[in-house]
Amino acid sequence: MSASSFNSVLLGISNMLKEENLEQLKFLVRDHIGKQKLERIKTGHQLFEILTERGQLGKDKANYLCQLLRQVQRDDLSEKLSNWEVQQEDPKYGLSDTERDKLDIATEVIRDNLGRNWRKLGRKLRLGETKLDSIATRQPTDLEETAMELLKEWRKIRGPEVQTKELIAALRDCQLNLTADKIQEKLEQKGLSSSD
């Protein structure tokens, strides 16, 4: 897991941040970073550097930044960072771009719609109780974050065999048909098939 590829992802995220996003991020971290330091920050990568120095960001510690990005309505950038983490954790991660796009769409829909049913879905995806308890401990109150952790663990375990149609089938097995339908609808809007 190279630090330089992590820095490349951070630089990419920094370049995609709007000035308004950067100001919002600075506001969210103002309790951790002194006012003078904050005033000197003009780019995302400068902010990321300070978070790294303070031990709040690193190639094994991207969750905090993912949460901050979601709080400033940049789910796209949060996903980019989460997906990088998943890929790094599984060196055999050999998904096609199409399947990766489909999984990203499914992940977004599930995160926004799963709620308290995350444990039921986890069982259908064959994650053990110990793994589910670990996820619950890491994310005790934020159900969206819990859903993200669940899907990240599932993708890690399944590796290159991971498929969107498995997720949809598991949702249907849990009687979460509305969420499964939303995924299929979104995939069709993007010209992607859920059955491939």
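Me: What relative accessibility does Lys 37 have?
Reply: This is a predicted model, so local features need pLDDT of at least 70, side-chain atom pairs count only at pLDDT 80 or more, and totals for chains, interfaces and linings use all residues. Residues are numbered from 1 along each chain as its sequence is written, and side-chain values use heavy atoms, leaving out hydrogens and water. Lys 37 sits in helix 3 (residues 35-40), a helix being a DSSP run of H or I with at least four residues, numbered from the N terminus. With buried meaning under 20% relative accessible area, exposed over 50% and partly exposed in between (1.4 Å probe, protein chains only), Lys 37 counts as partly exposed, at 31%.

Me: Which residues does Lys 37 touch, leaving aside its neighbours within four places in sequence?
Reply: Contact here means heavy atoms within 4.5 Å. Glu 149 is 112 residues along the chain from Lys 37, with 32 Å between their C-alpha atoms. With those sequence neighbours set aside, the contacts of Lys 37 are Ile 50 and Glu 53.

Me: Within what arc do the buried residues of helix 4 fall, seen down its axis?
Reply: Helix 4 covers residues 44-53, and its buried residues are Gly 44, Leu 47, Phe 48, Ile 50 and Leu 51. The arc is taken over the directions from the helix axis to the C-beta atoms. An α-helix has 3.6 residues a turn, so residues three or four places apart point the same way. The buried residues of helix 4 line one face because they fall within an arc of 160°.

Me: Which residue with a positive phi follows helix 5?
Reply: Helix 5 runs over residues 63-71, and its buried residues are Leu 65, Cys 66, Leu 68, Leu 69 and Arg 70. Helix 4 is also followed by a residue with positive phi, Gly 55, near 75°. After helix 5, the residue with phi near 60° is Gln 73.

Me: Asn 21: buried or exposed?
Reply: Asn 21 has its place in helix 2 (residues 19-28). Apart from neighbours within four places in sequence, Asn 21 is in contact with Val 72 and Arg 74. Its relative accessibility is 5%, so Asn 21 counts as buried.

Me: How many residues does the second, separate core have?
Reply: Back in the largest core, Leu 121 is one of the residues with the most contacts. Beyond its neighbours within four places in sequence, Leu 121 touches Ile 110, Leu 114, Leu 150, Ala 170, Leu 171 and Cys 174. The second core includes Phe 6, Leu 22, Leu 25 and Leu 38, and its residue count is 25.

Me: How much area is buried between domain 1 and domain 2?
Reply: An automatic or database assignment sets the domain bounds, giving domain 1 (2-87) and domain 2 (97-190). Their C-alpha centres lie 25 Å apart, and 10 residues of domain 1 are in contact with 10 residues of domain 2. Buried area is the accessible area (1.4 Å probe) that two parts lose on being put together, summed over both. Carbon and sulfur atoms give 38% of the area between these domains, which is about 980 Å².

Me: How far apart are the end C-alpha atoms of residues 5-83?
Reply: UniProt, in an unreviewed entry, places the feature "domain: DED" at residues 5-83. The span is 71% helix and 0% strand, and its end C-alpha atoms are separated by 13 Å.

Me: What relative accessible area does Gln 175 have?
Reply: Gln 175 lies in the loop between helix 11 and helix 12. Its phi is positive, near 65°, in a residue other than glycine. Most residues other than glycine have a negative phi. Gln 175 is exposed, and its relative accessible area is 61%.

Definitions and conventions: Helix = DSSP H or I, 4+ residues; strand = E, 2+ residues; numbered from the N terminus. Core = buried A, V, L, I, M, F, W, Y, C linked by side-chain atoms within 4.5 Å. UniProt positions renumbered as here; feature names shortened; annotations may be inferred.
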